[in-house]
Amino acid sequence: MKHSYRTHLRLWLTALAGLFLLAVHAQSGAEVRIQGKVTDKQHNPITGVVVAVLGRQAGTTTGTDGTFTITARIGETIEISYLGYKKQQLKVTQAMTRADITLEEDALAVQDVVVIGYGTTSKEKLTGAVSTVSTADFKNRPITDVSLALQGKITGVQVTQTSGQPGADGGTITVRGIGTLNDSSPLVIIDGFESSFDKVDPKDIESMSVLKDAASAAIYGNKAANGVILITTKKGRSGRLQVEYNGYVSVQQVTRYPDLLGSVDYMNLYNEACLNSGQQPRYSQSYIEHFRKGDDPALYPDRDWADFYFKPAILHNHYVKLNGGTDQLAYTLSMGYLGQDGILEGTEYDKYNFRINTTSSLFKDRLKISANVAGYSGVKNDLVDGTGNTLYRIVAMSPMVNAKMEGYGWTDWFYDDAVREAGGFNKTKTGNFSGNLNLQLSLLKNLRLEGAVNYDRTTETGQIYAPNVDLYKVFTGADGTQTIGKSTSRESSITESTYRYGNLSSYVTLSYWATAGDHHFKVLAGWQQGQWDNKYYKASRTRLTTNLPSLEVGDPSTQKNSSWETEVKSMSLFGRFNYDYKEKYLVEANIRYDGSSKFAEDHKWGVFPSFSAGWRISQEAFMRNVRWIDELKLRASWGQLGNEKIWSSYAGIDILSIGSCNYIWENQQVTGAATSYIADKSLTWETTTQYNIGLDLRLFGSLTFTGDFYVKETDDILMQLPVSGIFGFTEDPWKNAGRMRNTGCEFALSYFKAFRKWEFSAGANLSFNRNKILDLKGQSPILNSTTGILLEEGRPINTLYGYEVEGIYQSDEEIHNHLTTFDRNGNPVNSYSGLVAAPGDVRFKDQNGDGIIDMDHDRVALGDPNPDFLFSFNLGARWKGFDLTAFFQGVCGGEGWSTGELVSPFFNGYNTAAWMTERWTPERPNNTYQRVYIDNQRAKIKSDYYVEDLSYMRMKNLELGYTLPKSLVGKIGISGVRVFVSAQNLFTLTRYKGFDPERAGVNATNIYDYPLVRTFTAGLNVTF
């Protein structure tokens, strides 16, 4: 019995266990239909979130209201992921029919997906030096040109804004230093095709990547030597219609403008300068006294011309985007308007832009068709003579000049003002249209064919109308009496021009990817072609019979016309191979075979290869227990890139000019033709070879670090080398003659932490670069004595060159001890660079000790205009609905000339900077500011007295925003509302005395440049 009981008990227990396991197995195989909604921490729905079942091909995405429905088996895991947010995973249970998820932002994950040439990849798999810019960084900034969104945001990229003029305020970009003597700007790609920043609204941008090294940029070959900027615009997402509005209004003002001498100081110093130069004083003390006392301002004015011309100006921007569609057809439509008044009256810019992007999915996603159409219409108003003429007059005019004479009109200094008041204008209208069509066809499971074509056309029409105007001035007779009369006026004129340019490009790619165990392969092969054409026409007439903006009213005998036309073609084959083992060991190889019509017949084609590798050390077994390191990767790359950016489209062929050598035939002049340019028949690409070593590190889930070291060397730099004038050529031939090297390192650090209701973020960038010219093919040194710019082997490009300064002469005795004032025969010697030195003059170092300061023996290299390093840092905080960000940017090192107008005393008779009141005088000697004089020859001597450090640190942007609670705005059918205020270029720390140090450059004192602006902004973002 006992044995039988135990036997039955075992049988019952076995049966129960089997039934339990059978039930568990049955339940684990059962499917559960789960519905849910995905929102952010402010309870706003998130569209496009991927909800997928791990381990098999099953998933969906959320609609515009954040909802989703998915079917999964009990026991499986669902992963919820969205770019910029932390992933979440849920274990499926029998009771799970509803899953509402709140995603947390992950600032460090925003850049996980990176756009590269002809595709995308993950940050972890990158082996090249690629950086991305978050669109959130510039979404609400009053940026009028996309180039400015890059400033300070990416290591190794220098963006310099040289003008604040409406419609012409974009930045100049260099990537990893200047690598050529020609155009060093990077290649810009928008939605797969070559383009420019003015053709995309900053708010239309989905992602922006910068390819900095040869490994990442070699896929673009002959145009990638200066870096590549890839921009992808926003695409439509399935779901209900979503409407977004972004708008702001800004007030602009001048960032920095140096003070000039007022009337009394101007006259006193001018008299002193006359005496120092052996001339009689110009202004009597009784005359000066009227100004000192403030007598009749009409007769004795004290004008601040900067205040007269520069006024606060309004900038406003409005942007509307519509987004929606189905799984088969999604669309986005955007429209924008930018209205910008200039701080200099008479300068404005208005721009309307639109973009329509559609994506169709057919045959169960086997065929995808994307069509993008975009365009803009812009009107730029300038002054008749251009802004440079008026900006020059602000410095050139004395403060005692009258702008207008009551009962008469404008005085002769104010031609632009008189013409504008009479209805004159300088207007440029620009219209652009671009469209591209992209087809992606899945031929097999892992084989995809892609083809795209792009058409881009821009037309600029310009009209400059200068009507008849009368100008007045005061004439002084022989007896000293003064009368007011008409000044000599310029002829009235009308000029019209048309410039059309565009391109037609296309490419086809075939990509294949496969997995064999832990081995992953991907291959891309492609073909591309492009054609660029330019046409320009111009016609003008003077002596208008009536004040009308039409060529017909001009004198036919004064008619002038001109035109030119160019065409450039290119064709390319390219390929890429990617391999990784367990996503741990990474290899990539690129090659591009490029042809360009710019070069000589047998040298049009070039091969540009690259190789790179990466090692994700954090994926190794010995790192599994090092939990505080999330990601650790080493990268190395080598590659070669090309550059064809020279101004000539026909440098590789001989040029025949018509009309350059007319001759007499049968007593009549006949139009002749002659060869004006002989091409070097071996002319070909500039080739840049680059090495890069990088490190990517992520710690504690909140701290990331990226570091890169590179060497970039450019060979066969294109230069125009002089030939003898006896050949009669009008243009020197282009040759591959130069070599240059850039060496540098880059560091980027970012941090993000969220706890409770607070979120904090911080970031910093630091970039070092050293430039050196290695070879100029026997032309070294190339010196421009007028500008003081030197090109010499072994030195940085555009080195400042002149005399080294030891101080200021304090006495005749010091001059006698320093310089040879008489030769052996007792004759006076002009030993001061061809002049005679006097106390108060700058003392130049006698480099060879012969007692004579001369250009051949005593000039030396004085400064490098290239910065020692670039830096930026940002801070951010968010609490409940409030957010605050601060962004600082600057450069350290880099020198520029601060000479000529403004700085040299009364240069060309112009006004002078107010700091010259601290000049050297016998009563107040110093070693800081020289004496004043009237002597342009003396003022033009280049020395480091005129060299200034252009280092600065600027608060680029400060922004405070507030997002209204969803519970409040949702009641009226609004998804989200955010209001914000910000300040751009709020303050600048610098030792530079002149204009804005950012726009300064090599020629820091360029009085013709439009000032940069500080803006104060208030804005609104609304989503319906």
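Let's start at glycine 614, which stands opposite arginine 635 in β33. This is a predicted model, so keep that in mind throughout. The pairing here is between strand β32, residues 605–616, and strand β33, residues 629–643. They run antiparallel, over seven bridges.

Stay on β33. Its pairing with strand β38, residues 686–699, counts 14 bridges. That pair is antiparallel too. For a landmark, find tryptophan 638 and look across to tyrosine 691 in β38.

Now step back to the whole chain. How many helices and strands are there in the protein chain? There are 11 helices and 55 strands. The C-alpha trace spans about 150 × 70 × 65 Å along its principal axes. Of the 1024 residues, 50% count as buried. Accessible surface comes to about 47500 Å². Carbon and sulfur atoms hold 55% of that surface.

The chain has 104 positive and 111 negative ones. Their mean positions are 11 Å apart.

On to the sheets. Four strands form an open sheet, in the order β42-β43-β44-β47. Pairing in that sheet is antiparallel. Why is one side of β42 and of β47 left without a neighbour in the sheet? Because β42, 782–784, and β47, 859–863, stand at the edges, each with a single partner strand. Neighbouring strands are turned by 40° against each other on average, direction ignored.

Zoom in on the end of that order. Strand β44, residues 799–803, is joined to β47 by four bridges. The two run antiparallel. Leucine 800 has glycine 863 in β47 as its bridge partner.

Here is another open sheet. Where does the parallel part come in? Strand β1, residues 31–39, runs parallel to β7, with five bridges joining them. Threonine 39 stands opposite threonine 102 in β7.

Now a helix: α6, residues 387–396. Is it enclosed or open to the outside? Nine of its 10 residues are buried, so α6 is largely enclosed by the rest of the structure. The buried set runs Thr387, Gly388, Thr390, Leu391, Tyr392, Arg393, Ile394, Val395 and Ala396. Note that an arginine, Arg393, is in that set. What covers them? The cover includes α5 (305–309), β21 (367–382) and α7 (415–421).

One is aspartate 456, in strand β25, residues 447–466. Is aspartate 456 buried or exposed? Buried: its relative accessible area is 3%, and the cut-off for buried is under 20%. Leave aside neighbours within four places in sequence. Aspartate 456 is then in contact with Ser195, Lys199, Asn432, Phe433, Ser434, Tyr501, Gly502 and Asn503. For a distance, take glycine 336. It is 120 residues from aspartate 456 in sequence, and 19 Å away in space, C-alpha to C-alpha.

Another is serine 506, in strand β28, residues 493–516. Serine 506 is buried, with a relative accessible area of 14%. Which residues does serine 506 contact, leaving aside neighbours within four places in sequence? They are Phe193, Ala452, Val453, Trp527, Gln528 and Gln529.

Last, glycine 152. It lies in the loop between β10 (130–133) and β11 (157–161). Although in a loop, glycine 152 is buried, at 16% relative accessible area. Not counting residues up to four places away in sequence, glycine 152 touches Asn765, Ser872, Phe887 and Gln889. Asparagine 436 gives a distance to compare. Glycine 152 and asparagine 436 are 284 residues apart in sequence and 32 Å apart in space, again C-alpha to C-alpha.

That's the tour. Questions, please.

Definitions and conventions
Residues numbered from 1 in each chain as written. Predicted model: local features only at pLDDT ≥ 70, side-chain atom pairs only at ≥ 80, totals over all residues. Heavy atoms only, no water. Pairing = 2+ DSSP bridges. Axes fitted to C-alpha atoms, helices over the stretch in contact; angles between N-to-C directions. Buried < 20%, exposed > 50% of the residue type's maximum accessible area, 1.4 Å probe, protein only. Areas by Shrake-Rupley, 256 points an atom, 1.4 Å probe, with all protein chains shown as cover. Lys, Arg positive; Asp, Glu negative; His and termini not counted. Charge placed at Lys NZ, Arg CZ, Asp CG, Glu CD. Contact = heavy atoms within 4.5 Å.
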